[in-house]
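Dear colleague,

I am passing on the structure we spoke about, and I would be glad if you opened it beside this message while you read.

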Amino acid sequence: MVHPINYHTSNVFTSFVEHRALQMNRKLKSLFLGWLSHYVLVQVAILLAYIIEYMEPLPNYVRTTPWEYFVRHTFHEADSLVLIFTLLFIELNFQFLFKKSRLILFVVPCILVGGLSLITLYYLNLYRFENGNIPFDVILYVAGYAFLYSLIRDYFDTIRHKKNIQRQQYKSELDSLKAHLNPHFLFNSLNYLYGTALTEKATHTADGIDKLSELMRYTISGIHENFVPLESELKFIEQYLSIQLARLPEKDNIKIDIQISSSVKGHQIAPLILFPFIENAFKYGISMDEDCFVNTKIEVTVTSLLMEISNSIINLPITTEGNNTGIKNTVKRLELLYAGKYKLKQISDGREYKTSLTLTLTP
């Protein structure tokens with residue numbers, strides 16, 4: 001059977017570029033703020049150390065006030081530039097190369113950071129090398145500091161990330177309460193319609209109502225969990241697709257191809273994280289007159305999930321523009337729940353829209 005699918009394709013390429021630009025801006029902002037806060041903390045630590053030393057009894061002619069020391073050290077000495085570049089190398093190392101699962105391999109870029117710091121010291125502080133003495137121990141000191149700094153940063157980032165997830169979860173629950181009618185009323189109504197359909201021997205209608213009831217139950221219960229069994233999520237998607245197939249007429253111009261394969265058990269996934277991409281395809285891509293298609297493929301391996309959706313692009317009425325809120329919210333959830341563990345690509349050539357989403361799964 002064949003069915004249509006189109007994505008609210010207004011400004012598709014622009015949305016993709018904006019998404020990439022947004023990700024890059026976030027990365028650059030995180031890099032700058034991380035480097036700046038690190039630099040300020042180190043400068044404060046240096047100043048405090050000098051203040052403590054300043055309190056020791058010393059001859060007046062060797063004394064400089066803490067303020068004079070701060071100005072000279074920050075704005076006049078080459079050491080400050082060395083510190084700026086070294087902390088920048090350390091921040092770049094953490095932002096782009098740190099992987100908690102590969103700590104042993106992470107030692108290599110840390111040593112590289114130490115080497116870059118030594119080179120910077122050489123070019124900005126040549127007087128220290130006048131006697132041909134090269135302080136190679138700087139490499140080890142900086143490498144050790146970069147490694148320790150990355151571990152501490154990752155610890156605090158993890159705590160902050162968990163708090164963001166909790167806030168997002170609370171917001172989702174509140175939004176659900178505001179946006180939905182009383183679930184008991186809805187389920188009681190569906191049960192009534194289901195019983196009526198059976199009494200009238202409308203088995204197809206009863207089956208559709210039963211599936212719709214399960215979809216609603218999963219949607220309402222899923223918002224209270226950060227992760228659910230992958231099997232439950234795939235079953236939900238299959239039920240949604242079966243309802244779509246049942247409601248669409250069998251016409252030659254509508255083509256739908258669905259492939260869902262998963263032989264791996266025990267994985268967890270964020271609830272309804274795949275659904276918006278599939279829902280938008282049916283919501284904005286169905287046409288009873290034009291030739292159209294939608295291909296949906298979900299493949300689960302031992303460590304990851306790959307979802308690929310492609311659909312024909314159909315001209316849509318203006319009233320459908322701006323209905324990309326669901327996708328934008330889903331991307332935010334991906335950033336929160338799968339930071340660094342997902343790849344999302346959305347491209348269009350004007351005739352076909354493609355979405356590819358890869359998730360690293362957790363047991």
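Below I describe the pocket, then the strands, and then the cysteines.

Please keep in mind that this is a predicted model, and that every value here was computed from it.

The largest pocket holds about 2,300 Å³ of space, and its lining is made up of 41 residues, with E335, Y338, A339, G340 and K341 lying nearest the centre. Several elements supply at least two residues each to this lining, among them the helices α1 (12-54) and α10 (325-337) and the strands β6 (342-348) and β7 (352-360), while α5 gives the most, with 9 residues.

If you look for V300, you will find it opposite L305 in β5. Strand β5 also runs antiparallel to β7, to which it is joined by 9 bridges, and here S310 stands opposite K354 in β7.

Finally, are C110 and C292 buried or exposed? C110 counts as buried because its relative accessibility is 1%, which is under the 20% cut-off, and C292 is likewise buried, with a relative accessible area of 4%. The structure holds 0 disulfides.

With best wishes

Definitions and conventions: Residues are numbered from 1 along each chain as its sequence is written. This is a predicted model: local features need pLDDT of at least 70, side-chain atom pairs count only at pLDDT 80 or more; totals for chains, interfaces and linings use all residues. Side-chain values use heavy atoms; hydrogens and water are left out. A disulfide is a pair of cysteine sulfur atoms within 2.5 Å. Buried means under 20% relative accessible area, exposed over 50%, partly exposed in between (1.4 Å probe, protein chains only). On a 1 Å grid over the protein atoms alone, a cavity is a set of points where a 1.4 Å probe fits but cannot get out, and a pocket is an open set with protein on both sides within 12 Å along at least five of seven lines; lining residues have an atom within 4 Å of a point. Grid points are joined across faces, edges and corners, and a volume is the space filled by probe spheres set on the points. Helices (H or I, at least four residues) and strands (E, at least two) are DSSP runs, numbered from the N terminus. Two strands pair if DSSP finds at least two bridges between them.
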